Structures are given as C-alpha cells and as structure tokens.
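Have the viewer open as you read.

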Amino acid sequence: MSESEYAFSLTTFSPSGKLVQIEHALNAVGAGKTALGIKAVNGVVVATEKKLPTILIDEDSFQKIANISDNIGAVYAGMGPDFRVLTRKGRKQAQQYFRTYKDPIPVAQQVRETASVMQEFTQSGGVRPFGVSLLMAGYDDEGPQLYQIDPSGSYWAWKASAIGKNMINAKTFLEKRYNPDIELEDAIHTAILTLKEGFEGQMTEYNIEIGIVAADRKFRVLTPAEVKDYLGEVE
C-alpha cells in the first residue's frame, strides 16, 4: 500500500512510520500567519501578524494572543477555532491548579498539560489533530520561559522560535540577532524587526499583536498605542 492510502487514518502508521494526518496538521500551521517568541533575561515577548481578511471586520474582536493564566500567555499559528478550544482547556487546568495549591501553575506544567491534550487527539478514533502550533510564554519561580507545542503533542523549551508561514526566514533572522543577554525591551524591538522581514505591506499597530511577561509575572497584550511607540523606535 502506498503512503497516500494511510492519509485518511489518524491512528494507523504508514509503512515509513508516519501518521500522515499529523503532517497535514503541520501544513495547516505552515499556512498560518507568522508568530514568534523571544526569551530575554528579564521576560518573554511573543509577537504575531494580525492581518484581517477584510477591513469590515472589527479588529478588536480578533485576537491571536491570549492569557492562559495571570503569568502565562500563548500565541498560535494555524486554525483559530482550534486555538480557542485549547485556550479554554488551558485556562481550566490553570484554575484547577490554583484552586488546589493557591499558587499560579508552573509554566512547564501548563505546557505539559496542553501538550497532553494535543497528543490525545493523535491517538483517538473519530477525532483529528489540532491544526495549530503554540508558542507559550510565562514567568514563574524558574524565571522566564518560552515553549513551542506542535500538533503531535511534542514540546520543547526555546530561547527564540517562530511558527507559521514565514518561520524559516524568521528563525534564520533570529539566529543572527539573538543574544543570550538580551533585555526585554531589546527583545521587543528584535521581534518587530523579525516580523518585518517577511511582512507584506505597511506594518501598523493594528496588523501586528505583541504580548509580554516580565519580572512582575503578569502576562499582558500591549495596547495599539504601545505597539505604535515601539514601531516608531525601530524605524
């Protein structure tokens, strides 16, 4: 049997050891808008393109970066509805941990819980893999952390990473610009410059989105006014 004959089965390995539906899910991620994250010594920044298909959509109703808990946030590339489901599940897990231990959930544990949900959807009948990759940023007792989670349920800690349509060029740019001693302010500038590398058209405060978490352990999405200031600084 050829590889293509296994393409419609999630739970059956092809002769070469692949789960073809996961590869298709990664293609959905690769077609998504570029998103990236950079870990600094005093925080983490995530940034993404936020282009709308038409100017008639209210941009305030569309977000690509979301809080999971007070100290953790995530950005995605791929299918927005799948991200919404994972965000809801992640928030529920974070609240269950807080209710039990009266402490914010550690970043690594939140990542592991979310990755476990995504992995379950590669091993069950009647479902499909999530068509998103996530970059999860947080700050806890271990300091600032950045993780990438893929549709297979695999996850890694990164110093800087990119996902989505322009991820290869973005990673190449980050490899040249990344410095282990980078401060959060410089990381924000680097994130904007990285997005600009493959950006089509004029970049404004309304078609990109930036989220940060610093030593105060509060993840937040920057306002358009703040993004506009940073855009002015890098020009």
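Tyr97 and Tyr101 both sit in helix H2, four residues apart, which is about one turn of the helix. The model is predicted, so to speak of a local feature takes pLDDT of at least 70, side-chain atom pairs count only at pLDDT 80 or more, and totals for chains, interfaces and linings use all residues. Residues are numbered from 1 along each chain as its sequence is written, and side-chain values use heavy atoms, with hydrogens and water left out. Helices (H or I, at least four residues) and strands (E, at least two) are DSSP runs, numbered from the N terminus.

**Aromatic pairs**

- The structure holds four aromatic pairs, where rings of Phe, Tyr and Trp (its six-membered ring) pair if their centres lie within 6.5 Å.
- In the pair of Tyr97 and Tyr101, the ring centres are 4.6 Å apart and the planes meet at 45°, so the pair is tilted; planes under 30 degrees apart count as stacked, over 60 as edge-to-face and the rest as tilted.

**The sheet from E3 to E7**

- Five strands make an open sheet in the order E3-E4-E5-E6-E7, with antiparallel pairing; two strands pair if DSSP finds at least two bridges between them.
- E3 and strand E7 (155–157) are the edge strands, each with a single partner strand, so one side of each has no neighbour in the sheet.
- From one strand to the next, the twist averages 25°.
- Strand E6 (residues 143–149) pairs with E7 in the antiparallel sense over three bridges, and Tyr147 stands opposite Ala157 in E7.
- H2 lies across E3, strand E4 (72–78) and E5, running at about 20° to E3. Axes are lines fitted to C-alpha atoms, for helices over the stretch in contact (heavy atoms within 4.5 Å), and angles run from 0 to 180 degrees between N-to-C directions.

**The sheet from E8 to E10**

- Another open sheet has five strands in the order E8-E1-E2-E9-E10, and its pairing is antiparallel.
- Strand E8 (160–163) and strand E10 (220–221) stand at the edges with a single partner strand each, so one side of each is left without a neighbour in the sheet.
- Helix H4 (residues 167–177) packs on this sheet, touching strand E1 (35–40) and E8, and its direction makes about 165° with that of E8.
- Seven bridges join strand E2 (residues 43–49) and strand E9 (residues 208–214) in the antiparallel sense; Ala47 stands opposite Ile210 in E9.

**Cavity and pocket**

- On a 1 Å grid over the protein atoms alone, a cavity is a set of points where a 1.4 Å probe fits but cannot get out, and a pocket is an open set with protein on both sides within 12 Å along at least five of seven lines; lining residues have an atom within 4 Å of a point.
- Grid points are joined across faces, edges and corners, and a volume is the space filled by probe spheres set on the points.
- The count comes to one cavity of 30 Å³ or more, and the largest cavity has a volume of about 30 Å³.
- Its lining includes Ile68, Phe83 and Met136, and H2 gives the largest share, three residues.
- The largest pocket holds about 290 Å³ of space; of its 13 lining residues, the closest to its centre are Gln63, Ala66, Phe83, Arg84 and Thr87.
- H2 also gives the most to the lining of this largest pocket, with five residues.
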